[in-house]
Amino acid sequence: MSDETNPEDSPNLEPIIEPAGPQDENIEPPKKRRGRPPNSSKLLEEKPVSEGGTKEKRAYKKKAQYDNSTIENLARQIQGLHFIAVKMSGFKELEISEPESVMLAESVVNVAREYDLALSGKTGALLQLTGVAVMIYLPRLMQINERKAQFIPVAPGPSEKTVN
């Protein structure tokens, strides 16, 4: 016998094709979920190849930089806030000296460096303007209110009669 098979001897086998039902037409792709896909940060760690042909690490977040002018301005603001606290409360003990305010400012800056706290330019400028305006105008407003309180005329009461 030969190993070859005769096509006439083999049964007629045709592929079975199932008709597409209405279910296949209405299948929707899965909806996208909100947010960044899981593990996508691993994909962002390297930049694409630059003109030089080398891959570079991506700089994510710049560390906050604080210079001496920042510390000096913060020290003045701290000293001004303590001056306002002295004026409002009347406790002379709350007043601090310039070296004490510089030490406090340096401590605040060190905490900001350690915890990587940084304000954006616009927000920082607005907060600084607000702090300076409060330090300048609040003591003056308090002095104006003190003077007004000294010159308030007392209206005659019901027991006091005016003579014409």
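Predicted model: local features only at pLDDT ≥ 70, side-chain atom pairs only at ≥ 80, totals over all residues.
Local features require pLDDT of at least 70 and side-chain atom pairs pLDDT 80 or more, while totals for chains, interfaces and linings use all residues. Residues are numbered from 1 along each chain as its sequence is written, and side-chain values use heavy atoms, without hydrogens and water.

The protein chain contains 4 helices and 0 strands. Helices (H or I, at least four residues) and strands (E, at least two) are DSSP runs, numbered from the N terminus. The order along the sequence is α-α-α-α. Of the contacts (heavy atoms within 4.5 Å) with a separation of 6 or more, 56% join residues 24 or more positions apart.

The protein chain has 164 residues, and 10% of them are buried. Buried means under 20% relative accessible area, exposed over 50%, and partly exposed in between (1.4 Å probe, protein chains only). The accessible surface totals about 15,600 Å². Carbon and sulfur atoms hold 56% of that surface. Areas follow the Shrake-Rupley method with a 1.4 Å probe; for residues, only the protein chains shown count as cover.

Glutamine 77 lies in helix H2 (residues 68-89). Its relative accessible area is 16%, so glutamine 77 is buried. Beyond residues up to four places away in sequence, glutamine 77 touches Gln128, Val132 and Met135.

Val132 also belongs to a nonpolar surface patch with Ile136, Tyr137, Leu141 and Ile144. Together these residues expose about 430 Å² of accessible area. Leucine 141 sits in helix H4 (residues 121-150). Leucine 141 counts as partly exposed because its relative accessibility is 49%.

Technical notes. Patch = residues over 30% accessible without salt bridge, like charges linked within 9 Å, V, L, I, M, F, W, Y side chains within 5 Å. Salt bridge = Lys/Arg side-chain N within 4 Å of Asp/Glu carboxyl O.
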